[in-house]
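The following paragraphs lead the reader through one structure, from a single contact to the whole chain. Please keep the sequence and the model in view while reading.

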Amino acid sequence: MLTDNAQAWSEFRRMLVWIALAGVLMVIGALWYLSLYDALYPSAILAAIGGVFLSTLLGCGLFAAAFFSDKSGHDSNVSSATQQDDEQGS
């Protein structure tokens, strides 16, 4: 049986693969949509790939990092540390 931290890393890596796949599909969709209305120039293709893929990775990646933080126990370490500080201050 994997430890909680190892299982969290495993799930995080799997989530990143799905996020990258979603980013590629979003780029394909964006390029298809752009091709319907105008000719695709190399600069437009590069801008669409960079903008759509990086935006998808950034948005989804931050959510994945938040889930990883919770599942690996980092959030509970922080909340228990602040509770100890509150108890000592009273």
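Which backbone oxygen lies 2.7 Å from a polar atom of the side chain of S35? It is the backbone oxygen of W32; a polar contact is a pair of N or O atoms within 3.5 Å, where within protein one atom must be able to donate a hydrogen and the other to accept it, and residues adjacent in sequence count only if both atoms are side-chain atoms.

The model is predicted, so that local features need pLDDT of at least 70 and side-chain atom pairs count only at pLDDT 80 or more, while totals for chains, interfaces and linings use all residues. Residues are numbered from 1 along each chain as its sequence is written, and side-chain values use heavy atoms, with hydrogens and water left out.

The protein chain holds 3 helices and 0 strands, and its elements run α-α-α from the N terminus on. Helices (H or I, at least four residues) and strands (E, at least two) are DSSP runs, numbered from the N terminus. Confidence is given as pLDDT, from 0 to 100 for each residue: the chain has a mean of 81, with 77% of its residues at 70 or more. Among the elements, α1 has the highest mean pLDDT (89), and helix α3 (residues 74-89) the lowest (60).

Two packed helices are described by the angle between their axes and the distance between the axes. Helix α1 (residues 4-37) packs against helix α2 (residues 42-72) at an angle of about 160°, the axes lying 8 Å apart. The two are therefore roughly antiparallel, a term for angles over 145 degrees. The contact of α1 with α2 comprises, by class, 24 nonpolar, 5 polar and 3 charged residues.

Two residues of helix α1 illustrate accessibility. S35 lies in this helix and counts as partly exposed because its relative accessibility is 37%. L25 also lies in α1, and its 54% relative accessibility is why L25 counts as exposed. Buried means under 20% relative accessible area, exposed over 50%, and partly exposed in between (1.4 Å probe, protein chains only). Of the 90 residues of the protein chain, 18% count as buried.

Both residues also have partners farther along the sequence. S35 and I45 are separated by 10 residues in sequence and by 9.8 Å in space, C-alpha to C-alpha. For L25 and V52, the separation is 27 residues in sequence and 9.9 Å in space, C-alpha to C-alpha.

Note on methods:
Axes are lines fitted to C-alpha atoms, for helices over the stretch in contact, and angles run from 0 to 180 degrees between N-to-C directions. Angles under 35 degrees count as roughly parallel, over 145 as roughly antiparallel, 65 to 115 as roughly perpendicular and the rest as oblique. Ala, Val, Leu, Ile, Met, Phe, Trp, Tyr, Cys and Pro count as nonpolar, Asp, Glu, Lys and Arg as charged, and the others, Gly among them, as polar. pLDDT is the predictor's confidence in each residue, from 0 to 100.
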